Amino acid sequence: GVAGPAAALLLRRAGIESEIYEAQATPDDYRGLFLNVASNGLAVLHELGLEAELAAAGFRCPWMVMWSGSGKRLAEVRNGAAEGQGPASLVIKRSALHRILREAAEREAIPIYFGKRLIDVELDADRRVTARFDDGTQAEGDLLLGCDGLHSRVRQIIDPGAPAPVY
């Protein structure tokens, strides 16, 4: 995904070592459609030094036009920072963004383990976290970040009573 490598790269810059455990069995550089990276996301990717790679893989999109299902034009809105206040948003294939972030993590020698579906999390008396995966392996650390999206398995495990996402 996007959040795991981005978080790992930012942690590295803060002097904190991390590892990425990805549920997907292998990298898939052809998965997903397009997404719009807004100016706040671009600021993070600029901080990571990835803005040039993103610009080469996507295109700036300073305006969005919204249409109804019947073809009626509903609105035209600025997409990104106000003019002169920063870059317009960038439209990029989700898979390209994944690849760019994964390759950046690999360049920084951040380990990425694929095929790791989380099944349980434990916190011991010393406040160390153990994550257990469906392949029988486990990982231990001081902190667990759940960068696993809207239907987060981490959130379900650590807070089963948390409200489910709604549309």
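Which residue is the bridge partner of V65 in β5?

1. E76 is the one to look for: in β5, it is the bridge partner of V65. Strands here are DSSP runs of E with at least two residues, helices are runs of H or I with at least four, and both are numbered from the N terminus. β4 (residues 63-67) and β5 (residues 73-78) run antiparallel, joined by five bridges; two strands pair if DSSP finds at least two bridges between them. Five residues sit between the strands of this hairpin, and G71 takes a positive phi near 100 degrees.

2. A quick word on the source: this is a predicted model, where local features need pLDDT of at least 70 and side-chain atom pairs count only at pLDDT 80 or more, while totals for chains, interfaces and linings use all residues. Residues are numbered from 1 along each chain as its sequence is written, and side-chain values use heavy atoms, with hydrogens and water left out.

3. Now find the open sheet, where three strands come in the order β2-β6-β3 with antiparallel pairing.

4. Zoom in on β3 and β6 (residues 89-93): three bridges pair them in the antiparallel sense. Here C61 stands opposite S89 in β6.

5. Last stop, E22, which lies in strand β1 (residues 20-22). Leaving aside neighbours within four places in sequence, E22 is in contact (heavy atoms within 4.5 Å) with G1, Y113, F114, G115 and K116.
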